[in-house]
Amino acid sequence: MTTITHTPTAPGRPGWFARAEGWLDDRGKGAWIAAMVLSFILFWPVGLALLMYMIWSKRMFANTCRNSWSQGHSMKSMKTTGNSAFDAYKNDTLKRLEEEQERFEAFLERLRDAKDKAEFDQFMEEAGPRSETRTTET
């Protein structure tokens, strides 16, 4: 019978790799890319290893600051302020803007349909005499 004992690591100071990773994470995706480019220039196997780590850990494809800002911003718009009059005004304004957006999207769809019809009509005018002669000959 074998007993396995687990000795926890010291929670004090992380290793150099964890510190470097934290430092790069604090500075964002640009720091990771700069580190990768510099490591390719200095010693290409390290750059390749860093690239593989970035892909494997999904750091390369993480959300950008803009996406995280917009997600946080949309969450703020859903919170109530505690003032019922302002919340009602905000809800009415958001509803009006959503309706306006729907009308605008419908307008764009009608424009696309009209453009498609105009292009098709132009095609039929150009190809019209040829197709009529075929139908009269048969």
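Accessible areas here come from the Shrake-Rupley method with a 1.4 Å probe, and for residues only the protein chains shown count as cover. On that basis the accessible surface of the chain comes to about 12400 Å², and 63% of this belongs to carbon and sulfur atoms. The model is predicted: local features need pLDDT of at least 70, side-chain atom pairs count only at pLDDT 80 or more, and totals for chains, interfaces and linings use all residues. Residues are numbered from 1 along each chain as its sequence is written, and side-chain values use heavy atoms, with hydrogens and water left out.

The secondary structure consists of five helices and zero strands, giving the pattern α-α-α-α-α along the sequence. Helices (H or I, at least four residues) and strands (E, at least two) are DSSP runs numbered from the N terminus. Of the 138 residues of the chain, 11% count as buried; buried means under 20% relative accessible area, exposed over 50%, and partly exposed in between (1.4 Å probe, protein chains only). Among contacts (heavy atoms within 4.5 Å) with a separation of 6 or more, 22% join residues 24 or more positions apart.

The interior can be taken next. A nonpolar core is a set of buried Ala, Val, Leu, Ile, Met, Phe, Trp, Tyr and Cys residues joined through side-chain atoms within 4.5 Å. The largest such core has seven residues: Leu24, Ala31, Trp32, Met36, Leu50, Tyr53 and Met54. Helix 2 (29-42) and helix 3 (44-56) each supply at least two residues of this core. Leaving aside residues up to four places away in sequence, Met36 touches Gly47, Leu50, Leu51 and Met54.

Helix 2 gives the largest share of the nonpolar patch, five residues.

The charged pairs remain. Side chains of opposite charge can pair when their charged atoms come close. A salt bridge is a side-chain nitrogen of Lys or Arg within 4 Å of a carboxyl oxygen of Asp or Glu, and the structure holds three.

Arg96 and Glu100 form a salt bridge at 3.5 Å, N to O. Both residues lie in helix 5 (residues 84-137), four residues apart, about one turn of the helix. Arg96 has 44% relative accessibility and so counts as partly exposed; Glu100, at 37%, is also partly exposed.

Another salt bridge joins Arg112 to Glu109, with the closest N and O atoms 3.5 Å apart. These two residues of helix 5 are three residues apart, again about one turn of the helix. Arg112 is partly exposed, with a relative accessible area of 47%, and Glu109 is partly exposed at 41%.

In the salt bridge between Asp121 and Lys117, the closest N and O atoms are 3.0 Å apart. Asp121 and Lys117 are four residues apart in helix 5, so about one helical turn separates them. Asp121 counts as partly exposed because its relative accessibility is 31%, whereas Lys117, with a relative accessible area of 52%, is exposed.
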